[in-house]
Structure formats: structure tokens, C-alpha cells
Amino acid sequence: MDHAAFFVAVLQLCRILASVEGRFADSTIKLSEKMKLECIYPKKAVIIQTSWMKQNGSHKENIAVLHPTYGIHIEDKYRGRIYFENTSREDQSLSFNKSTLEDVGLYFCSIVTYPDGVSEKVIEVIHPDAFEISERQNNLMFAKPGGSVTFTCPYDIGGLVQQVKWERIKAGGTDTIVLCNSVGEQRFGSAFIKRALVDCSGQASSTIVIQNVTVSDFAKYRCVATGRNKTFEMSFTVVATWDHKWFIIYIAGGTSAAVLLLVFLLIFCITTAYRKKKKRKRITKALFNALYCTQDEPGNNYAEHNYHTTWDTEGGKEESSLRPAQEIYVNCITLRNDN
């Protein structure tokens, strides 16, 4: 085993041991230079203050405080490296733009509300080499918005199961659904406290049900069962399905749109062809007139003009007027280049 593989194995072992000993995280994020620690409060209670802290040894160090009246305070250690992209009522997420290896660790988003009290989310930032998603045993599941989806994870690790963990996988991280230990305790992730049902009582399988499926639930999931000497992992992918009524409407709408598009293209082609034909006819007629516009009269034959003179008897003045006796003909000369 090379040094890199050994390092990854040690990191994964430390993570498993820490989790077994009781350290729990609602979400896990892979360390990157620009990363976002998501903390969204979905309820309608009034947010009084939000605090971000990081575990540093045996104590927590302050990172930043958000107050709706007094604004945002960021500790000197983190200034220039963190920011709050969206400080709306619900979104209290913390973003990094210059993270380093020192930023690996456990973070706490604590939201003080009225009248619901304090809500806390724990986020673990891990080393990129310790973040690994297996592609084995990927099972396809179907669900519809507002409905529910059931997962069953059968495992055989040849001994006592120490813990079973269910996770929702997202880009660059995971969200914990539930963590079950060997004594039957269950800890739900903050996003699934009131939406997930779980049965971890068996030593051979685990089953969960996610209710009120939303768009964010159409994702990949995994079940990880950990024993003393063996770990089992199983993956699932949830995709959207529709009722027959909505499927028929969808197909009908798509067909109608396709027909309208074809009609539009047909009209456009006919109109374009007609305009080209009309333009070609107009150009041909103009060329014909230019080539055959010479008349039968001799060249340079300008018409004679009759001048009529009248006498104004009252004013005693003579008036003269020029009145053409016939039309004037002009020869059209075609210029030709004999080069």
C-alpha cells in the first residue's frame, strides 16, 4: 500500500471511529477553495440572531454573527476569507472564498428564533481524499413530488452491527438522514427530522421512508452499515415519476408544440420561396427593360417645339409661352466594357 492510500484509509477510519463515539454531523462537505456551508431555516419564526462557530479542541471559537438590526460581524481571523452571499430571512449560509487545510473540522450554525427557540445545524468539513462515493449496487427508485419513497438496505457483515447511516448525496458533500447505533438510538439530520421514518432494529437490514418528497430529494442516496471488521455500502438513485393524467397532458402538450413548430416552419419556407420568386421576377423585368428600351426613332432625334405668341390687349404686353408640339424621345445607350 502506498503512502497516499494509507493516508486515505487512516482518514476514513478516524471518521468512522469518531462517528461511532458519538460525533454527529447533519451534513458533510468536501474541502475546496471555494465552498458553501448551507444553513437554511425553513420555519416562519422570527430570527433574532445567527452565530457561526468552529470546534477548536475542547472549545468552540466564534467565526461570525448575523443580526437583523446590527448587521454582520466577522472575526479578524476570518475576514477576507468568508462572506454571506444571501442574508435573507431563511438563508444564513456561510461561504468561503480562500479556504485552507486549517478549515477542516466541525462547524456549528446556531439560529436563535422567536418563539421556536434555538435551532442548530452541525456541518463537518473533511479532507478531499477522505470523501469517496461508491458506484457499486446503485438501485433506481421512483417517486413523485409530495409523495414518499421507501429504501431497504440488506447487509451481512458477519457480526454485530455497530451503526447504520443513511445519507443523501449532493455535489461535494452529503446530508445525513439518520444514524442508528447498536443500542437502538436514532439521530436524524436537521433536514429530515420530521420527514423520515426508520427501522434499524434488525441485524440484517435497515429500512427508511422519506415523506413529502421535494425537488431536492431527486438525488443519490447511500446506506453504510459498519461492523467491527467489515463495512457494507449500498447506493440508490431517486428519479421523478408522474401520474398517468399528468403524463398524458405532458405528451399532448409536447405533440401540440411539435405540430405548431412544423406549421410555423412550413409557413416560413413558403413565404421565403414566394418572396425570392417575386424578387427574381422583378429583377428579370428590370433587366429586360434596360436591354430593350431603345425606341424606333432615329438617334438624337429631339422633337421640334412650336412657340406661340399672344397679345394682351388690356395691358398692351406681349406674352409668349413655350408649348411642346410633340413628345420628346431619348435613346437608352447601353455601356459595354470590351476588356
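In the predicted model, strand β1, which spans residues 27–30, pairs with strand β13, residues 173–181, in the antiparallel sense over three bridges. Within this pairing, Ile29 has Gly173 of β13 as its bridge partner. Strand β1 also pairs with strand β9 (residues 117–126), here in the parallel sense and over four bridges.

An open sheet is formed by three strands in the order β2-β7-β6, with antiparallel pairing. Its edge strands are β2 (35–37) and β6 (82–83), each of which pairs on one side only. Strand β2 is joined to strand β7, residues 94–96, through three bridges in the antiparallel sense. Met35 has Phe96 in β7 as its bridge partner.

Salt bridges were then examined across the whole structure, and 11 were found. One of them joins the side chains of Asp103 and Arg81, with an N to O distance of 2.8 Å. Asp103 belongs to the loop between β7 and β8 (105–114), whereas Arg81 belongs to the loop between β5 (71–74) and β6, so this pair ties together parts that are 22 residues apart in sequence. Asp103 counts as buried, at 2% relative accessibility. Arg81 likewise counts as buried, at 16% relative accessibility.

A further salt bridge is made by the side chains of Glu167 and Arg222, at 2.6 Å from N to O. This pair links distant parts of the chain, since Glu167 is in strand β12 and Arg222 is in strand β17 (residues 220–227), 55 residues apart. Glu167 is buried, having a relative accessible area of 2%, and Arg222 is buried with a relative accessible area of 6%. Because buried residues are those under 20% relative accessible area, both values fall in that class.

Strand β12, residues 161–170, also holds Lys165. Lys165 is buried, with a relative accessible area of 13%. Between Lys165 and Arg187 the C-alpha to C-alpha distance is 9.6 Å, and the two residues are 22 apart in sequence.

Asp175 and Lys170 provide another salt bridge between side chains, with N and O 3.1 Å apart.

On the surface, a patch of positive charge is formed by Lys276, Lys277, Arg280, Lys281 and Lys285. Of these residues, Lys281 is placed in helix α2, which covers residues 244–291. Lys281 is exposed, with a relative accessible area of 65%. Because a residue counts as exposed when its relative accessible area is over 50%, the value of 65% puts Lys281 in that class.

How values were computed: Residues numbered from 1 in each chain as written. Predicted model: local features only at pLDDT ≥ 70, side-chain atom pairs only at ≥ 80, totals over all residues. Heavy atoms only, no water. Patch = residues over 30% accessible without salt bridge, like charges linked within 9 Å, V, L, I, M, F, W, Y side chains within 5 Å. Areas by Shrake-Rupley, 256 points an atom, 1.4 Å probe, with all protein chains shown as cover. Salt bridge = Lys/Arg side-chain N within 4 Å of Asp/Glu carboxyl O. Lys, Arg positive; Asp, Glu negative; His and termini not counted. Charge placed at Lys NZ, Arg CZ, Asp CG, Glu CD. Helix = DSSP H or I, 4+ residues; strand = E, 2+ residues; numbered from the N terminus. Buried < 20%, exposed > 50% of the residue type's maximum accessible area, 1.4 Å probe, protein only. Pairing = 2+ DSSP bridges.
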